[in-house]
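Student: I would like to learn how to read a structure like this one. Can we go through it feature by feature?

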Amino acid sequence: MTTGRSTSPHSDHRPRRRILRIVGVLGVLGALAVLVAVVVTVVPLLRPPGPRPLFQLPVACGETWQLGTYPGHDDYDVDLFPTEGEAWGRPVLASYAGEVTEAGINGSLGGRTPEDPDGPRGRGGGYWVKIDHGGRWETQYLHLLEPPLVRVGQRVAQGEQIGRVGSTGNSGAPHLHYEQRRGWDKVETHFDGEPSGITHDDREYTVTRTSNNCAAG
């Protein structure tokens, strides 16, 4: 009796071998794709940082602000308060040109607003923005009043408004928490080429600076 099925001892193995070869090729291609992704992601992080950009104060041209820190604030972190006028809603500007890499909520918002300044605190930085300036330099802007005015992937110019001063997140009063980072590390903030002097949080320290974040630089 015949069933019409081949009786060759090799006929049943050929499709299986072909499938195994395809799976093998796909596995190699997948491994190569992962390797390329790792190289693209990791190699730039291993390069030494470039020269420090000429960062400016992240506030309007000609305004004078108090820069400060306090015990437990963390080294190099800077809180900015205007020396005149209300802090709520003041424009926050990009310190230098770059690409927005974060624009959203860090932690939780809490409930402190201009209408209820003593409302419950949130956690972390509240509404925030992070900008990549190239050369492994970046800046961070925290406790903004409302959702940022920029989006992830957007290119911003120096002096472009990215948000407004608020008190979201873990904040006791309206102010701008600001950081400059080189590679993975926070560093002392420089503005218009001058160091701020804020390097450690072992004591309370304040200094005033006038912004040169102007249209003509």
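Student: Let me begin with charged pairs. Which side chain does Lys186 meet in a salt bridge?

Tutor: One note before that: this is a predicted model. The side chain of Lys186 meets that of Asp74, at 2.6 Å from N to O. Now ask where each partner sits.

Student: Is Lys186 buried or exposed?

Tutor: Buried means under 20% relative accessible area. Lys186 has 17%, so it counts as buried. Asp74 has 37%, so it is partly exposed.

Student: Which residues are linked with Lys186 in a network of salt bridges?

Tutor: Asp74 and Asp77 are linked with Lys186 in that network.

Student: How many salt bridges does a search of the whole structure find?

Tutor: The search finds 5. One of them joins the side chains of Arg164 and Glu146, at 2.7 Å from N to O. This pair links distant parts of the chain. Arg164 is in strand 8, residues 161-164, while Glu146 is in the loop between strand 6 and strand 7, and the two are 18 residues apart. Arg164 is partly exposed at 29% relative accessibility. Glu146 is partly exposed too, with a relative accessible area of 25%.

Student: What about Glu179 and Arg181: are they buried or exposed?

Tutor: Both are buried. Their side chains meet in a salt bridge as well, at 3.0 Å from N to O.

Student: Next, the aromatic rings. How many aromatic pairs are there?

Tutor: The count comes to 4. For each pair, read two values: the distance between ring centres and the angle between the planes. Tyr141 and Tyr178 are 5.4 Å apart, centre to centre, with 70 degrees between the planes. Planes over 60 degrees apart count as edge-to-face, and this pair is edge-to-face. Tyr141 lies in strand 6 and Tyr178 in strand 9, so the pair ties together parts that are 37 residues apart in sequence. Tyr141 and Tyr178 are both buried.

Student: With which other residue does Tyr178 form an aromatic pair?

Tutor: With Phe191. Here the centres are 5.5 Å apart, the planes stand at 40 degrees, and the pair is tilted. Tyr178 lies in strand 9 and Phe191 in strand 11, residues 190-191, so this pair ties together parts that are 13 residues apart in sequence. Phe191 is buried, as is Tyr178.

Student: Which residues form one aromatic cluster?

Tutor: Phe55, Tyr96 and Trp137 form it.

Student: Now the inside. How many residues does the largest nonpolar core have?

Tutor: It has 27. Look for the residues with the most contacts inside it: Leu67, Leu80, Val129, Ile131, Tyr141 and Ile162. Then look at which elements supply the core. Strand 1 (64-69), strand 2 (78-82), strand 5 (123-134), strand 6 (137-144) and strand 9 (176-182) each supply at least two residues.

Student: Take Ile162. Which residues is it in contact with, leaving aside its neighbours within four places in sequence?

Tutor: Among them are Val129, Ile131 and Tyr141. Val92, Leu93 and Ala94 are also in contact with Ile162, and so are Pro148, Leu149 and Val150.

Student: Can we try a loop residue? Where is Ala157?

Tutor: Ala157 is in the loop between strand 7 and strand 8. It is partly exposed, with a relative accessible area of 40%. Beyond residues up to four places away in sequence, Ala157 touches Ala94 and Ala97. Compare sequence and space, too: Ala157 and Glu99 are 58 residues apart in sequence, and 9.0 Å apart from C-alpha to C-alpha.

Student: Last, the whole chain. How many helices and strands does its secondary structure come to?

Tutor: It comes to 1 helix and 13 strands. Of the 217 residues, 37% count as buried. Among contacts between residues at least 6 apart in sequence, 69% join residues at least 24 apart. The accessible surface is about 12100 Å², and 55% of that belongs to carbon and sulfur atoms.

Key: Residues numbered from 1 in each chain as written. Predicted model: local features only at pLDDT ≥ 70, side-chain atom pairs only at ≥ 80, totals over all residues. Heavy atoms only, no water. Core = buried A, V, L, I, M, F, W, Y, C linked by side-chain atoms within 4.5 Å. Buried < 20%, exposed > 50% of the residue type's maximum accessible area, 1.4 Å probe, protein only. Helix = DSSP H or I, 4+ residues; strand = E, 2+ residues; numbered from the N terminus. Contact = heavy atoms within 4.5 Å. Salt bridge = Lys/Arg side-chain N within 4 Å of Asp/Glu carboxyl O. Phe/Tyr/Trp six-rings, centres within 6.5 Å; stacked < 30°, edge-to-face > 60°. Areas by Shrake-Rupley, 256 points an atom, 1.4 Å probe, with all protein chains shown as cover.
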